[in-house]
Amino acid sequence: MQSCESSGDSADDPLSRGLRRRGQPRVVVIGAGLAGLAAAKALLEQGFTDVTVLEASSHIGGRVQSVKLGHATFELGATWIHGSHGNPIYHLAEANGLLEETTDGERSVGRISLYSKNGVACYLTNHGHRIPKDVVEEFSDLYNEVYNLTQEFFRHDKPVNAESQNSVGVFTREEVRNRIRDDPDDPEATKRLKLAMIQQYLKVESCESSSHSMDEVSLSAFGEWTEIPGAHHIIPSGFMRIVELLAEGIPAHVIQLGKPVRCVHWDQASARPRGPEIEPRGEGDHNQDTGEGGQAGEEPPGSRWDEEEQWPVVVECEDCELIPADHVIVTVSLGVLKRQYTSFFRPGLPTEKVAAIHRLGIGTTDKIFLEFEEPFWGPECNSLQFVWEDEAESRTLTYPPELWYRKICGFDVLYPPERYGHVLSGWICGEEALVMEKCDDEAVAEICTEMLRQFTGNPNIPKPRRILRSAWGSNPYFRGSYSYTQVGSSGADVEKLAKPLPYTESSKTAHGSSTKQQPGHLFSSKCPEQPLDANRGSVKPMQVLFSGEATHRKYYSTTHGALLSGQREAARLIEMYRDLFQQGT
């Protein structure tokens, strides 16, 4: 049978063996997105020298994906720095001069179009008519008034009535509808337009929340998400520059690309990791050349764990390599956890963590960039918003697969044209985004062109000369864009997701507090002075830690939430080993 290769301390690697003898903890970080890079950087800066980052894809950055076309950089993933006051992403960008090109026109002041505050959003109906500006402003004021009410249920502990179904979408839709219908000043035609606009606004909101529908977003938990004060910023040279800055202080050998992980075997202290708990998963018999003159099926010299040592965690990679560790920081997305948690962890996760994974939500928000030879929109227009008049009475945002395009809420104009050319950025979310991802570029470009012709009333709009789009939902390493608090979930579930394993009631370290054990006991799994006695039942705390945007209670769904969560988990380990590094051992 094919045997998995272990990467323990090699007899030919005196540095590695020496680190183990001195009690240096080995930390493996799964994922080289913002959370993983932030965690690794923080550990290395605090004196940890045995750190490995495993990245499944061929590049770092995770859900940051900047694509350079010509002179312009387009963001398929993270785009904005949301808020500036105390935002670590903003301060990193500002300190490195990444915002110098940003103009006032590229700062968000509205909730609909985030690319530019210059000009106005053009609301168009499927009959090719533009909705009058005063109607749009009246509706926007009404909608924002109700939106502010959705924040109060959490912030002021207001009870949620049964009619709302604890859903942001249901509450918002019904509250706005009732106010529109009760307005004595509006004629029926205007009321009809405003009722149809509800659905368009909820589509935009769904894209921002990365939910299939706002009907799935918890009303009682919605207000816990916290917005950092200050303007929204973009990075003209690409958000990837933030990723590169984080990676600058990390030695190249630390990050292994193209290294997907199959399983995290934790709580291994009472069993040899090379024993029956980790069985080879290869198919068929392979006469492997060990490179050391060994026979097939034998363990290559220099690639096994030292006899006196036992490791609490072993990371099993897809290529069958086994990497032992003291601690593993898991930064994979909530979408991946939902799909793979049963096979990704051995032993399985605690019941409350599994329940949190199920209850929390993650959806897909995709962008569709269309580049045109010349603009067909006026200079005063910063976005084209699609309002379907026949949706005035609709109570759902779900469409059959063949009508997936109805979920496209509109197109933003990228600004300034001197930088981007004549480009529109469309938005689509939910199950319909997954249908879009299965279509080819030609089909998506054709459908988007037909929609633009229909809503503008201009049948002469040419097809775009280039299309670029994201596909976060079908990407096996993400399975979604970012998280939200689903109906039935709360911030407590985020805390449960973030809680390190194992749950050791005898140690406060599971909750991020310092442990006061003596080094000889705490580091017993690797100190020659006190070899681990497997029979005495000691359990190493914080074997598996969790970070990523979905684990930050206030800042989930954001880049700063991801970065802060990585730093948080690193801080747990830094505090745990504080005495070790202070002693200079």
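Let me begin with a term: a polar contact is a pair of N or O atoms within 3.5 Å. With that in mind, and remembering that what we are looking at is a predicted model, please look at Ser167, which caps the N-terminal end of helix H5, with a side-chain oxygen that lies 3.2 Å from the backbone nitrogen of Gly169.

Helix H5 itself covers residues 168-181, and over those 14 residues it reaches 20 Å from its first C-alpha to its last, close to the 20 Å expected at 1.5 Å a residue. Which residues of H5 are buried? They are Val168, Gly169, Val170, Phe171, Thr172, Arg173, Val176, Arg177 and Ile180, and what covers them includes helix H4, residues 133-155, and helix H6, residues 188-209.

Let me turn now to strand S18, residues 422-429, where 7 of the 8 residues are buried, so the strand is largely enclosed by the rest of the structure. Strand S15, residues 365-372, pairs with S18 in the antiparallel sense over 8 bridges, and within that pairing Thr365 stands opposite Cys429 of S18. Strand S17, residues 410-413, also runs antiparallel to S18 and is joined to it by 4 bridges, with Val413 having Leu424 in S18 as its bridge partner.

Finally, a word on confidence: the mean pLDDT of the chain is 85, and 79% of its residues reach 70 or more. Over residues 9-22, however, the pLDDT is below 50, although this stretch has 26 contacts in the model beyond near neighbours in sequence. Residues 103-114 likewise have a pLDDT below 50, and that stretch has 39 contacts in the model, again beyond near neighbours in sequence.

Technical notes
Residues are numbered from 1 along each chain as its sequence is written. This is a predicted model: local features need pLDDT of at least 70, side-chain atom pairs count only at pLDDT 80 or more; totals for chains, interfaces and linings use all residues. Side-chain values use heavy atoms; hydrogens and water are left out. Helices (H or I, at least four residues) and strands (E, at least two) are DSSP runs, numbered from the N terminus. The expected span of a helix is 1.5 Å times one less than its number of residues. Buried means under 20% relative accessible area, exposed over 50%, partly exposed in between (1.4 Å probe, protein chains only). Contact means heavy atoms within 4.5 Å. A polar contact is a pair of N or O atoms within 3.5 Å; within protein, one must be able to donate a hydrogen and the other to accept it, and residues adjacent in sequence count only if both atoms are side-chain atoms. Two strands pair if DSSP finds at least two bridges between them. pLDDT is the predictor's confidence in each residue, from 0 to 100.
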